[in-house]
Amino acid sequence: MIFILEDDDNIRKLVCYALNKEGYGAEGFDKPSLFWKRMNDETPQLILLDIMLPEEDGLSVLKKLQSSKKYEDIPVIMITAKNSEFDKATGLDLGADDYIAKPFGMVEFVSRVRAVLRRYEKTRNKNNVYEIGKLYVDSEKHIIKVSGEAIELSYKEYKLLSVLLEANGKVVTRDELLQRVWGEFYEESRTLDVHIRKLRVKLKAAGNYIKTVKNIGYQFMGDTNE
């Protein structure tokens with residue numbers, strides 16, 4: 001989920017529309033108070049933050065995010081009409097990951113969002129946290145979410161997903177999957193297909209991230225349209 005804190009209704013709605021169209025969950029707020037209230041319920045994978053806001057400015061919001069152990073690792077892109085070197089430098093020095101000045105084109109905007117998410121995805125994978133498209137997996141805490149919704153998996157389904165994610169986009173053969181998931185209780189090949197099918201269903205919008213490589217195995221590729 002991506003949160004947008006922007007008091008301009010037109011820009012906020014346009015950004016949410018563009019991100020939703022690209023397959024990202026997006027939610028907008030016109031006031032910091034509403035934003036902070038929502039942050040208590042869900043931690044986003046990215047925050048888009050305007051500087052000129054009612055109640056408190058975006059730089060103040062950024063300072064609070066960076067000083068919080070709970071929120072300090074969330075990437076932030078500043079979005080503002082201000083484009084002076086001072087404002088840009090201040091935002092970046094405070095911990096922002098990128099800076100986009102208004103007006104901006106949607107193609108470039110979405111591309112910058114993807115770039116920041118990719119950088120953080122690589123870093124978080126080292127800590128056994130995966131954020132790929134609509135899927136969020138924390139391997140250490142055994143948390144799986146799709147579009148912010150918690151997903152319950154059986155042990156075998158969870159193990160299958162973990163093996164595919166650990167492969168980092170590489171194809172995992174059927175034999176390897178069977179061996180690593182079922183071990184000495186090696187099941188017949190059809191069992192693997194049944195579990196993959198169930199896993200895809202449970203992952204809902206992220207189910208199509210699991211690609212079939214005919215006669216070889218499976219790979220986890222994310223959505224190529226994102």
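Modeller: Two strands pair if DSSP finds at least two bridges between them; strands (E, at least two residues) and helices (H or I, at least four) are DSSP runs, numbered from the N terminus. This is a predicted model in which local features need pLDDT of at least 70, side-chain atom pairs count only at pLDDT 80 or more, and totals for chains, interfaces and linings use all residues. Residues are numbered from 1 along each chain as its sequence is written, and side-chain values use heavy atoms, with hydrogens and water left out.

Biologist: In E12, which residue is the bridge partner of Ile-210?

Modeller: E11 and E12 (residues 217-220) pair in the antiparallel sense over 4 bridges. Within E12, Ile-210 is bridged to Phe-220.

Biologist: What order do the strands of the open sheet have?

Modeller: The edge strands, each pairing on one side only, are E10 (172-173) and E11 (210-213). The sheet has 3 strands with antiparallel pairing, in the order E10-E12-E11.

Biologist: How is H6 oriented to H8?

Modeller: The axes of H6 (residues 155-166) and H8 (residues 189-202) come within 10 Å and cross at roughly 85°. Because of that crossing (65 to 115 degrees is the range), H6 is to H8 roughly perpendicular.

Biologist: Which residues of H6 meet H8?

Modeller: On the H8 side are Leu-192, His-195, Ile-196, Lys-198, Leu-199 and Lys-202. From H6 they meet Lys-156, Glu-157, Leu-160, Leu-161 and Leu-164.

Key. Axes are lines fitted to C-alpha atoms, for helices over the stretch in contact, and angles run from 0 to 180 degrees between N-to-C directions. Angles under 35 degrees count as roughly parallel, over 145 as roughly antiparallel, 65 to 115 as roughly perpendicular and the rest as oblique. Contact means heavy atoms within 4.5 Å.
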